[in-house]
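Please keep the sequence and the structure in view while reading.

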Amino acid sequence: MLPENAVNIKVRIKFSKTGSLKFISHLDLQRTMQSSFLRSKLPIYYSEGFNPHPKVVFSPPLSVGVSSLTEFVDVKMLAEVSHEEIAEKLNASFPKGLHAHACYTPTAKFSDIKWGLYEIKYELTGDIPTDICEKAKAALTAEEIIVEKFSKKTGAKTVNIAGGIRFCSAELEGSVLTVCAKLSCDEAAFVNPKYVSETLAAAMPTVFEGAEEEVCRMEVYLADGETLFE
Amino acid sequence: MKIPESILKKVEKPGRYTGGEWGEVIKDPKDVDIRFAFCFPDTYEIGMSNLGIRILYSILNERADTWCERAYAPWADMEEQMRLHNLPLCTVESGTPLAECDFVGFSLQYELCYTNMLNMLNLAGIELESAKRANDAPIIVCGGPCTYNSEPVADFVDICLIGEGEDELPELMEIYKKHKAAGFDRAAFLREVSRQESMYVPSLYDVEYNEDGTIKSFTPKYEDVPAKVRKRIVKDMDKAPFPKNLVMPFIQTVQDRIVLEVYRGCIRGCRFCQAGMVYRPVREKSPEVLDEQARILADATGYSELSLSSLSISDYSCIERLTDMLLSWTDDRKISLNLPSLRVDSFTKELMDKISTIRTGGITFAPEAGTQRLRDVINKNVEKADLLRACRVAFEGGKSQVKLYFMQGLPTETDEDLDGINDLAQSVIDEFYATPGRPKKAPQVTLSAACFIPKPFTPFQWEKQCDMEELLRKQKYLTGKITNRKIRYNYHDAKVSRIEAIFARGDRKLCRVLLEAAKRGVRLDGWEEFFDYDKWMEIFEYCGIDPAFYANREFGEDEILPWDNIDIGVTKEFLLRERHKAYSEKTTPNCRLQCSGCGANKLGGERTCCPKMQ
């Protein structure tokens with residue numbers, strides 16, 4: 001319950017989660033945010049009770065090991081603070097790896113996020129086929145892309161995820177292959193970026209063996225996969 | 001050298017290894033003379049909770065010439081990866097191999113972490129035995145409660161810092177700097193260190209044994225090396241350095257909150273308790289200083305919980321004033337206040353209303369023994385009526401669950417005393433039903449029993465631990481007696497307690513056992529999934545050492561004890577007096593009521609409670 005007559009201003013914070021922060025689970029991200037909020041001394045609305053905690057809502061969680069340039073968290077402010085000041089104070093309180101890019105009044109709901117643009121870089125160690133980019137494109141644009149999904153409830157099952165992958169580009173520079181693709185963030189058809197790696201590895205056995213990979217969520221989109229979510 | 005991401009992706013909780021936390025100290029190696037790797041010989045989650053390391057990390061890093069970094073024992077999955085890929089153990093901050101540091105320091109908090117220390121040295125590629133280390137190898141230094149008897153690790157450690165490290169560590173850095181500038185000679189450096197107050201260099205002493213395995217003599221190898229090493233204390237706690245910044249772990253740790261150290265020492269003098277003796281004399285911080293420090297830490301950390309820390313918080317002479325001062329601002333800052341270690345004789349409705357963790361959490365008391373007779377033997381100075389009164393306050397405040405801590409296997413304990421544990425639990429249940437304002441649910445009393453472990457520097461240091469058979473019998477005895485389903489009973493693993501007892505009163509002969517254990521890959525002994533008692537027994541057998549000599553033997557009162565070369569302030573005569581009083585079931589009043597002449601007041605100190613010092 002908000003105190004009566006309290007100012008209650010919703011603010012959305014767009015932030016990135018990179019560096020060592022990518023190895024932090026969603027739960028630990030929440031704890032890190034909470035201490036950052038307290039350090040910033042911003043008038044953020046806290047729940048009542050014995051253990052008050054900030055009332056915040058996060059955009060859909062990332063897998064551990066994946067970095068992101070577009071994460072969102074919604075908070076409520078109990079006093080008017082300029083959006084610039086909020087970002088400034090948060091950045092002064094964030095550990096390195098967290099950075100607030102913008103603060104604004106939210107319009108869209110997090111459930112409107114349906115697509116994410118991922119950049120996956122592979123540092124290849126073995127022989128690289130000359131047509132690796134074409135082969136990557138072919139693998140990721142096939143009509144049927146079958147992967148095994150595991151869930152605790154149903155166990156392993158094979159799923160066609162072709163509808164949840166929109167291939168964008170594949171480029172080779174030296175020994176680094178960079179693949180960009182939009183992947184479904186829809187709850188029912190969510191495509192984890194690791195399936196892209198699995199699909200590529202299946203299409204080109206041995207090429208990806210021992211490759212270091214770096215995954216980054218670049219942008220998120222509405223249902224059309226074109227309009228940026230803000 | 002940072003750990004490759006491909007490896008971080010394969011292990012559990014990679015946040016243990018990445019560093020980059022808020023508050024970590026990063027320096028340019030070119031700007032410093034001394035690199036110090038501060039190790040905690042257990043996992044990150046436990047090590048990050050240690051207040052002592054946080055204090056010393058900040059003291060060392062305040063020096064412009066020193067960069068102190070952290071290192072922890074890797075979990076088994078990470079260790080496997082490190083060994084597979086030949087990755088040496090590195091510091092968290094910069095990924096510098098421990099072997100390249102000037103100092104590798106260990107905080108030894110409990111005996112079960114000895115194997116972790118050796119495993120960490122091994123993972124770092126550092127020679128385990130100090131005698132085999134090259135001139136330019138890191139100096140291995142250790143501190144913490146286990147160093148009061150560091151003889152079981154004497155062969156591995158170059159320097160033990162006895163007592164409180166706030167002043168000792170910077171002094172050690174100064175000496176090192178001087179030697180480094182003059183062309184470092186390890187032997188000359190250690191020799192000079194051994195002459196400093198509170199710095200114990202085990203390699204500079206010879207130990208001879210009698211035929212029965214007890215110590216015949218303990219002598220310095222050189223005339224200028226002192227025969228006795230006295231522990232160091234911080235005399236004025238108000239002026240003691242305290243960390244103005246804390247490293248904020250990303251992942252959840254055991255003590256994930258601001259820990260405000262209220263005072264050191266304890267006025268009580270429970271006869272089994274090592275902390276109560278080795279941290280004497282009591283030295284308090286004033287409430288004004290504590291309030292100021294709490295505010296600084298709240299600003300710097302963003303923690304939402306503040307815990308007052310000491311051996312028995314309600315014995316703090318200004319507890320009312322301190323809690324009032326803190327509560328005047330903590331609510332506004334969304335910080336909840338936490339008071340651990342409450343004694344039953346000080347548990348009041350006022351405290352219960354004030355402290356949020358008491359309002360929300362369970363209630364725990366530690367009567368330690370089931371009968372008044374045995375509580376008098378251990379000098380607990382708590383009566384059944386106190387316990388029942390405290391429980392009534394809790395029940396009136398809406399609690400229905402109480403947890404009670406006990407020890408089994410205490411000196412002079414009989415089955416009657418064990419029955420007393422059950423009787424006490426039953427009385428608490430009866431008290432619940434006799435409380436008019438009790439909550440409308442069934443009460444529950446949880447009994448948690450630990451095994452008595454005789455510890456150095458306690459009145460019970462000469463006592464034996466019951467043998468395994470008897471420990472197990474005592475544990476089971478009570479299982480058979482408890483029929484009320486509102487009483488839950490659980491107990492510690494007696495095998496773990498026995499290993500602790502062996503090393504707690506160990507001498508240098510045990511170094512060989514630890515070395516063999518390290519060879520066989522023993523580590524993470526504090527973790528149920530890795531602790532292997534049978535393996536330990538095989539190692540003792542292989543080394544030709546009888547563990548019962550240490551755990552299950554009554555030490556002679558005129559025997560030279562392995563830790564006799566350390567002077568903690570409290571005298572051996574006092575400990576003996578207390579031992580004899582225990583056997584005649586006589587209690588000793590707490591320090592505030594009357595001075596019992598323990599000897600610790602010769603160390604000095606401000607805001608103590610010792611009547612002789614005021």
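## Helix packing in chain A

H3(A) and H4(A) cross in the right-handed sense. The model is a predicted one. Helix H3 of chain A covers residues 132–141 and helix H4 of chain A covers residues 194–203. Their axes come within 9 Å of each other and cross at roughly 120°. With that angle, H3(A) is oblique to H4(A), because angles over 145 degrees would be needed for roughly antiparallel and 65 to 115 for roughly perpendicular.

On the side of H3(A), the residues that meet H4(A) are Lys135(A), Ala136(A), Ala139(A) and Leu140(A). H4(A) answers with Val196(A), Thr199(A), Leu200(A) and Ala203(A). By class, the residues of this contact are six nonpolar, one polar and one charged.

## Helix packing in chain B

In chain B, helix H6 (residues 165–181) packs with helix H7 (residues 186–194) at an angle of about 150°, and the two axes are 10 Å apart. H6(B) is therefore roughly antiparallel to H7(B). The crossing of H6(B) past H7(B) is right-handed.

H6(B) brings Leu172(B), Ile175(B), Tyr176(B) and His179(B) to the contact, and H7(B) brings Ala188(B), Phe189(B), Glu192(B) and Val193(B). The residues in the contact of H6(B) with H7(B) comprise six nonpolar, one polar and one charged.

## The six-stranded sheet of chain B

An open sheet of six strands in chain B has the order S2-S1-S3-S4-S5-S6, with mixed pairing. Strand S2 (66–72) and strand S6 (199–200) of chain B are at the edges; each has a single partner strand, so one side of each has no neighbour in the sheet.

Strand S1 (residues 34–40) of chain B pairs with strand S3 (residues 103–107) of chain B over four bridges, in the parallel sense. Within S3(B), Phe106(B) is the residue that stands opposite Cys39(B).

## The four-stranded sheet of chain B

A further open sheet in chain B has four strands in the order S15-S16-S17-S18, and its pairing is parallel. Strand S15 (363–368) and strand S18 (487–491) of chain B are the edge strands, each pairing on one side only. From one strand to the next, the twist averages 20°. Strand S17 (residues 444–451) of chain B runs parallel to S18(B), and five bridges join the two. Ala449(B) stands opposite Tyr491(B), which belongs to S18(B).

Helices pack on this sheet. Helix H16 (residues 468–481) of chain B touches S16, S17 and S18 of chain B, and its direction makes about 170° with that of S18(B). Helix H14 (residues 384–396) of chain B lies across S15 and strand S16 (401–408) of chain B, and runs at about 175° to S15(B).

## Domains of each chain

For chain B, the domain assignment gives domain 1 as 5–230 and domain 2 as 237–509 + 545–603. The centres of these domains of chain B, taken over C-alpha atoms, are separated by 29 Å. Domain 1 of chain B puts 37 residues into the contact, and domain 2 of chain B puts in 40 residues. On the side of domain 1 of chain B that touches domain 2 of chain B, the elements that give two or more residues are helix H2 (44–47), helix H3 (51–62), strand S8 (215–220) and strand S9 (229–230) of chain B. H3(B) gives the most to that side, with five residues. That side of domain 1 of chain B has 18 nonpolar, seven polar and twelve charged residues.

For chain A, the assignment gives domain 1 (9–107) and domain 2 (112–221). Their C-alpha centres lie 29 Å apart. Nine residues from domain 1 of chain A and ten residues from domain 2 of chain A make the contact. The side of domain 1 of chain A that touches domain 2 of chain A has four nonpolar, five polar and no charged residues.

## Contact between the chains

Between the chains, 25 residues of chain B are in contact with 21 residues of chain A. Helix H1 (5–8) and helix H12 (356–360) of chain B each give at least two residues to the side of chain B that touches chain A. By class, this side of chain B has eight nonpolar, twelve polar and five charged residues.

Terms used
Residues numbered from 1 in each chain as written. Chains lettered and ligands numbered in written order. Predicted model: local features only at pLDDT ≥ 70, side-chain atom pairs only at ≥ 80, totals over all residues. Domains from an automatic or database assignment. Contact = placed C-beta atoms within 7 Å. Nonpolar A, V, L, I, M, F, W, Y, C, P; charged D, E, K, R; others polar. Pairing = 2+ DSSP bridges. Axes fitted to C-alpha atoms, helices over the stretch in contact; angles between N-to-C directions. Parallel < 35°, antiparallel > 145°, perpendicular 65-115°, else oblique. Left-handed = near helix turned anticlockwise from the far one by under 90°.
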